[in-house]
Amino acid sequence: MTKNHESAGLKLLKLWQKLQHKPMGKWLFKKIIANKIPYTGSIKADVQTLEPGRCEVLLKFRKSNTNHLNSVHALALSNLGEFTSGLAMMTGLPPTIRGIVTNINTEFTKKARGDLLAKAEVQIPDVTEPKTEHLVQALIYDQDHDLVTTVTVKWMLSPLQK
């Protein structure tokens, strides 16, 4: 008897492909993400594009995501970058590879104000050895298309044990 092993990333990608063009589909996808990943759901980001190895996520300006300087809070930016890069990575991984985040580095280059767009593209490495490290970056831009934050996420990737 063979089991159909489908990775979490592939399940998310299939769900996105099913919902993205439906009325309220993107909203429903956001609600599903918030239910499965409550901390990430707290920033209420909207996935705009999702395909294997590529993701764009919109973070509309909300008072609940700001700091005392009326700019987007540092941890909301880190959360947005990790979410965006994670979707790009997870949807690109073959079902024979598992991954976990081991480090997140966030570099702030400009105060983040207004709506923000995070973009991540990743080249999926050929993983043959356990504990293969791979870096993924998410770049976060403001409405003027200025880079405000770079989030670099280190992944540890390993083949699934048979």
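The model is predicted: local features need pLDDT of at least 70, side-chain atom pairs count only at pLDDT 80 or more, and totals for chains, interfaces and linings use all residues. I number residues from 1 along each chain as its sequence is written, and side-chain values use heavy atoms, with hydrogens and water left out. Helices (H or I, at least four residues) and strands (E, at least two) are DSSP runs, numbered from the N terminus.

Next, the partners of β4. Strand β2 (residues 54–59) runs antiparallel to β4, joined by six bridges. Two strands pair if DSSP finds at least two bridges between them. I found Val-57 opposite Ala-118 of β4. With strand β5 (residues 132–141), β4 pairs in the antiparallel sense over four bridges. Here Lys-119 stands opposite Leu-139 of β5.

What does Lys-119 lie over? Lys-119 lies over the face of Tyr-141, 5.6 Å from the ring centre. The rule asks for NZ of Lys or CZ of Arg within 6 Å of the ring centre and within 35 degrees of the ring normal.

I then looked at the loop between β4 and β5, where Asp-126 is found. Asp-126 is exposed, at 69% relative accessible area. Buried means under 20% relative accessible area, exposed over 50%, partly exposed in between (1.4 Å probe, protein chains only). Asp-126 and Leu-93 are 33 residues apart along the chain, and their C-alpha atoms are separated by 9.7 Å. In strand β3 (residues 97–108) I checked Asn-103. Asn-103 is partly exposed, at 37%.

Aromatic rings came next. The structure holds one aromatic pair. Trp-16 and Phe-29 form this pair, edge-to-face, with 5.1 Å centre to centre and 70° between the planes. Rings of Phe, Tyr and Trp (its six-membered ring) pair if their centres lie within 6.5 Å; planes under 30 degrees apart count as stacked, over 60 as edge-to-face and the rest as tilted. Trp-16 is in helix α1 and Phe-29 in helix α2, so the pair ties together parts 13 residues apart in sequence. Both Trp-16 and Phe-29 are buried.

The largest pocket holds about 300 Å³. Its lining has 16 residues, and Leu-12, Ile-33, Ile-37, Leu-87 and Met-90 are the closest to its centre. Helices α1 (8–19), α2 (25–36) and α4 (74–92) each give two or more residues to this lining.

I count one cavity of 30 Å³ or more. The largest cavity has a volume of about 80 Å³. On a 1 Å grid over the protein atoms alone, a cavity is a set of points where a 1.4 Å probe fits but cannot get out, and a pocket is an open set with protein on both sides within 12 Å along at least five of seven lines; lining residues have an atom within 4 Å of a point. Which element gives the most to the lining of the largest cavity? That is α2, with four residues. Among the lining residues are Phe-29, Ile-33 and Phe-83.

Note on methods:
Grid points are joined across faces, edges and corners, and a volume is the space filled by probe spheres set on the points.
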